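Hi there,

Here is the structure I promised to hand over. Have a look at it first, and then read on for what turned up.

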Amino acid sequence: MPEGTPPASDRDAQSPGAYHPPSDGRERGRREGYGPPPEGRERGPGAPRDGYGPPPEGRDQRGPRGEGFGGPPPEGRERGPGAPREGYGPPPEGRDQRGPRGEGFGGPPPEGRERGPGAPRDGYGPPPAGREQRDPRPPHPAPAARGDDAQRASIRAAGEPGARPDALHERGPERGPRGDQPPPRRGDGPPPFRFVLADADHKVLLGGGQFRVGDMLPESARATARPIIVKDKTVAYVYSDGAPTPTAQEQKYIDALYNSLWWGIAAAAILATLLGVLLSRGLSRSLSGLTQAVKGMHKGELRQQVEVKGKDEVAALATAFNEMSEQLAQSHEELNASHATIMQQAEQLRELSIRDALTQLYNRRHFDEQANTLFNQAVRHKRPLALVICDIDHFKKINDTYSHATGDVVLRHVGAILRKHMRLSDLVARYGGEEFVMAFPETPGPQAAALCDKLRTLIESYPWHEVHPDLKVTMSMGVYADIAAGSAETMLQKADALLYRAKESGRNRVCFT
Ligand SMILES: Nc1nc2c(ncn2[C@@H]2O[C@H](COP(=O)(O)OP(=O)(O)OP(=O)(O)O)[C@@H](O)[C@H]2O)c(=O)[nH]1
């Protein structure tokens, strides 16, 4: 069994995933071998060994247990070359082949810890020449018999470059810092992480970064420190201090990644810009066509069609716009047609409201409105105005002799003769029954009477025999042309009086003042 490897029984009792120091019994047993035997415990060569006295044969060849910490040997313990070593002399041959213990922590050894060239190393001072070449792996944990020294050695091993704090719980005493696999070599560069080791009271045992030995870990560091547990008891804390320091190769790789990232971002930005410019140009052209079409619609040209390209949203918008424009134009045309129809019908209704259905002349209501207007204008402009009332002679006899229908035909023919032979500025209406009224603007009385006489002659000479062989039709008229009467209504009353006089005078004649 190589030195430093605990007995099988001890190893079996240890958890495979955590570091456990040797049992107290082992520790005591080993330590007891370096002090004087108890009084009265003299032993002979065959006496059972309890650690006092020379080891049995073969033990010396293995060399002493590698305690490196302790005071000077007890008084009177003079040792020869074969005396058990306590770390105060060169190790026996073959000891160096086991590899160093706890390398990785530089700095001088504690005061008073003078060591010989073969003394077990505790991590302070450079290793012997060629040691790293022979065994690059971190040392095994301290032998179980060394107790607290073994714990320190194991803890120092955990603090080596590349070691993880939780590795203390993962590897057994005879395993490497990372189990059975050697730690990755990182060349001669700085360790990737720095660790600070503190005892259970958070007092720094092994400094690093901003912490010195003896400092107290601040609360912030304590929160993230990883405990080192021995037999369910926290014996120390490991705190990671500082950021990882990549190797030159790793830094190159990181730089290359950053360069690739920045070039990728730059390329993406350029592509996005170009794509945006192209899209904006196409979009601008499409929207320009739509804008022109909308302006055309605003001017009243509702039927607008824009070019549809592709199948994107702009094309869908152009298609929808074309459909909307066509529907809007059709609706507008239908609305215009309906409006024209309504206006026509309104005009027809208006005509019906102001005209006589039998003769198609204006009716009395319309004549009264227009006669007032003409009267006011004549008064304002002091212009002549003549108003005339006409009545068919013995019309009752016509109805009675030739039928009521013949009487209607006579009324229509008389109305047509009156309308045909008057000026457009003159006004004629059927006043009721067989009565007609006329207004002659800009016409003095004598001229109006002459016109009325002409009309009377035309009615009398009309070929009524075509309506009925024995039919004779004449008309009597009263003409009044003095606006001094005061109103159109008064003038009509005066004209009606003259009509009555014409009737009384024998009919078929014109009377005026
Ligand atoms: N056919 C027809 N007859 C009408 C219409 N309106 C009124 N009449 C008739 O016209 C006749 C008018 O007769 P009157 O008022 O006595 O006058 P007149 O017979 O013409 O006698 P004078 O005026 O004195 O010459 C009445 O018989 C009415 O019925 C009409 O629209 N159509």
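In this predicted model, five strands make up an open sheet with mixed pairing, in the order β6-β7-β5-β8-β9. Its edges are β6 (427–432) and β9 (510–512), each of which pairs on one side only. On average, neighbouring strands of the sheet are turned by 20° against each other, direction ignored.

Inside the sheet, β5 (residues 385–392) pairs with β7 (residues 435–441) in the antiparallel sense, over seven bridges. One of the residues to look at here is Leu-385, whose bridge partner in β7 is Pro-441. Helix α13 (residues 445–460) lies across β5, β7, β8 (475–480) and β9, and α13 runs at about 170° to β8.

Next, helix α8 (residues 248–298). Its 51 residues should span 75 Å at 1.5 Å a residue, and the end C-alpha atoms are 72 Å apart, which agrees. Leu-290, Ala-293, Gly-296 and Met-297 are buried in α8. What do the buried residues of α8 pack against? Their partner is α9 (313–354). After α8 comes Gly-300, which has a positive phi, near 110°.

Finally, a word on Met-216, which sits in the loop between β2 (204–206) and α7 (219–224). With a relative accessible area of 45%, Met-216 is partly exposed, because that value falls between the 20% and 50% cut-offs. Neighbours within four places in sequence aside, Met-216 is in contact with Asp-201, His-202, Lys-203 and Arg-222. Leu-205 is 11 residues from Met-216 along the chain, and their C-alpha atoms are separated by 9.5 Å.

Best wishes

Terms used. Residues are numbered from 1 along each chain as its sequence is written. This is a predicted model: local features need pLDDT of at least 70, side-chain atom pairs count only at pLDDT 80 or more; totals for chains, interfaces and linings use all residues. Side-chain values use heavy atoms; hydrogens and water are left out. Helices (H or I, at least four residues) and strands (E, at least two) are DSSP runs, numbered from the N terminus. The expected span of a helix is 1.5 Å times one less than its number of residues. Buried means under 20% relative accessible area, exposed over 50%, partly exposed in between (1.4 Å probe, protein chains only). Contact means heavy atoms within 4.5 Å. Two strands pair if DSSP finds at least two bridges between them. Axes are lines fitted to C-alpha atoms, for helices over the stretch in contact, and angles run from 0 to 180 degrees between N-to-C directions.
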